[in-house]
Amino acid sequence: MNAEKLTTPKDKVRKLQRKLYQSAKRNKARKFHALYDKLYREDILYEAWKRVKTNGGSAGIDEQTIEEIENHGVERIIGEIQEDLKGNSYNPPPVRRVYIPKADGNKRPLGIPTVKDRIVQSVMKLVIEPIFEADFKDCSYGFRPKRNQHQALEVIRKTCNNRGNYVLDGDIKGYFNNINHEKLMMLVERRINDRRINKMIRKWLRAGIMENGNYEESTIGSPQGGVFSPLLANLYLDYLDTIWERHYGHLGKLVRYADDFVIVCKNYKDVSNSFRAVKLIMSRLELELNMEKTRIVNLWSGKDGFVFLGMEVRKVKMRKLNGTEYYATDMWVCKMKQKVIKEVVKETLKDATLYQDLEEMIKRLNLKIVGWRGYYHISNNRVLLKLDRYILMRLVYWYNRKKQKSKRYHYGEHVDLFRNLGLKRISFAS
């Protein structure tokens with residue numbers, strides 16, 4: 001059997017992506033003309049379907065779920081998409097508007113595309129993302145291949161420790177709802193000169209929103225919730241990254257995760273100038289800073305800090321072996337996220353679950369604990385230990401209610417029992 005037959009669709013897609021990335025990297029001025037035919041390549045369509053299935057998610061306005069598409073026949077739906085794309089007849093339907101609660105008590109609007117549209121968006125992302133990845137700056141960490149929150153936080157920690165004593169903690173007012181379509185398309189067209197590709201992107205931007213049976217036209221913004229939206233959002237703010245690197249990088253270190261960003265500076269003059277520069281760049285993008293949340297933070301004495309990606313960042317006083325005191329950057333789970341974790345634990349251990357076996361409940365808790373530890377393991381361990389104690393306390397209360405005993409009945413024995421049954425910890429110390 002030859003090597004060609006052993007090549008999987010995923011391998012073929014990666015080969016195409018590498019080729020596009022390398023071409024874009026070699027020539028920063030190159031425009032890509034012939035991309036549309038890649039959208040209906042069978043290997044790319046199946047790879048896109050695989051990713052949509054893995055990510056899951058609810059149905060769009062057609063109420064068709066991933067499971068129903070599997071029952072309907074994946075080959076059939078892929079064939080329909082391929083035919084629509086070949087004939088230039090694919091028109092994205094409106095997204096379904098839903099609201100999800102935010103940690104601060106407000107609600108975030110999401111736009112849920114149909115599963116079929118998520119497949120087409122994934123195809124588009126697979127094809128054009130490598131081209132823009134070749135241009136994106138190192139300061140951007142959100143929704144990018146091989147980049148994550150931990151990397152962004154580590155850069156912040158190191159920069160703060162390297163005489164970074166002032167921080168501009170930035171917040172963009174309603175970012176996703178205020179992206180200017182024409183300016184976004186100008187940025188797309190700097191690299192993509194395929195008329196059909198650009199037409200498809202415009203269709204997505206203008207697809208509109210359905211909420212409670214009412215259609216709302218979209219003339220501005222890019223709804224959160226789509227597969228393709230994070231790439232467009234990164235592309236729009238790449239203008240900030242580019243202008244900062246080109247003209248203002250001497251003022252401070254920019255670290256951006258999607259629409260959240262901080263700039264770490266060495267002194268008050270630099271951070272003040274950074275504030276003015278960012279406001280100017282935002283005005284060019286027709287965006288506004290949320291002045292209630294955007295602020296200058298003085299880390300010098302350890303009295304103030306800032307929250308970024310769910311972590312509170314501060315400088316804390318430490319002592320060397322010889323008794324010399326110094327300040328170093330520390331991070332821990334912010335109060336709002338601690339509150340969210342506790343609420344999830346309380347909801348998981350509510351009275352309505354008393355009928356469940358202890359072993360089953362521990363398995364349910366472990367699924368959540370493993371996720372929290374995976375993200376928050378870079379936190380100061382003292383905070384994680386407190387969260388572990390809270391989980392143990394709630395589980396003891398739950399178990400005693402199940403056994404109709406007082407809240408703290410045999411607390412120590414129960415803790416040993418839970419540990420023996422495999423209850424995991426968020427903290428990394430015994």
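**Notebook: loops, a buried asparagine, a pocket, cysteines**

I looked up Asn 88 and found it in the loop between helix H5 (74–86) and strand E1 (95–101). The model I am reading is a predicted one. Phi of Asn 88 is near 55°, a positive value in a residue that is not glycine. I also checked its accessibility: Asn 88 has a relative accessible area of 40%. I noted Asn 88 as partly exposed, because that value lies between the cut-offs of 20% and 50%.

Next I turned to Ala 258. Its phi is positive too, at about 55°, although Ala 258 is not a glycine. Ala 258 belongs to the loop between strand E6 (253–257) and strand E7 (260–265). Is Ala 258 buried or exposed? Its relative accessible area is 10%, so I wrote it down as buried.

Ala 258 came up again when I listed the contacts of Asn 234. I left aside the neighbours of Asn 234 within four places in sequence. What remains is Phe 136, Ser 140, Gly 142, Phe 143, Arg 144, Arg 256 and Ala 258. Asn 234 itself sits in helix H10 (residues 229–248).

I then went to the second largest pocket. Its volume is about 690 Å³. I found 21 residues lining this pocket, and the closest to its centre are Tyr 21, Glu 129, Glu 133, Pro 145 and Lys 146. Which helix gives the most to the lining? I found that H2 does, with 5 residues. Helix H2 (9–26) and helix H6 (115–133) each supply at least two residues of the lining. I sorted the lining residues of this pocket by type and got 6 nonpolar, 1 polar and 14 charged.

Last, I searched the whole structure for disulfides. How many are there? The search finds 0. A disulfide would need the two sulfur atoms within 2.5 Å. Cys 334 is in no disulfide either: the nearest cysteine sulfur, that of Cys 160, is 16 Å away. I also looked up how accessible these two cysteines are. Cys 139 counts as buried, at 13% relative accessibility. Cys 334 is buried as well, with a relative accessible area of 6%.

Terms used
Residues numbered from 1 in each chain as written. Predicted model: local features only at pLDDT ≥ 70, side-chain atom pairs only at ≥ 80, totals over all residues. Heavy atoms only, no water. Buried < 20%, exposed > 50% of the residue type's maximum accessible area, 1.4 Å probe, protein only. 1 Å grid on protein atoms, 1.4 Å probe; cavity = no way out; pocket = protein on both sides within 12 Å on 5 of 7 lines; lining within 4 Å. Points joined across faces, edges and corners; volume = space filled by probe spheres on them. Helix = DSSP H or I, 4+ residues; strand = E, 2+ residues; numbered from the N terminus. Nonpolar A, V, L, I, M, F, W, Y, C, P; charged D, E, K, R; others polar. Contact = heavy atoms within 4.5 Å.
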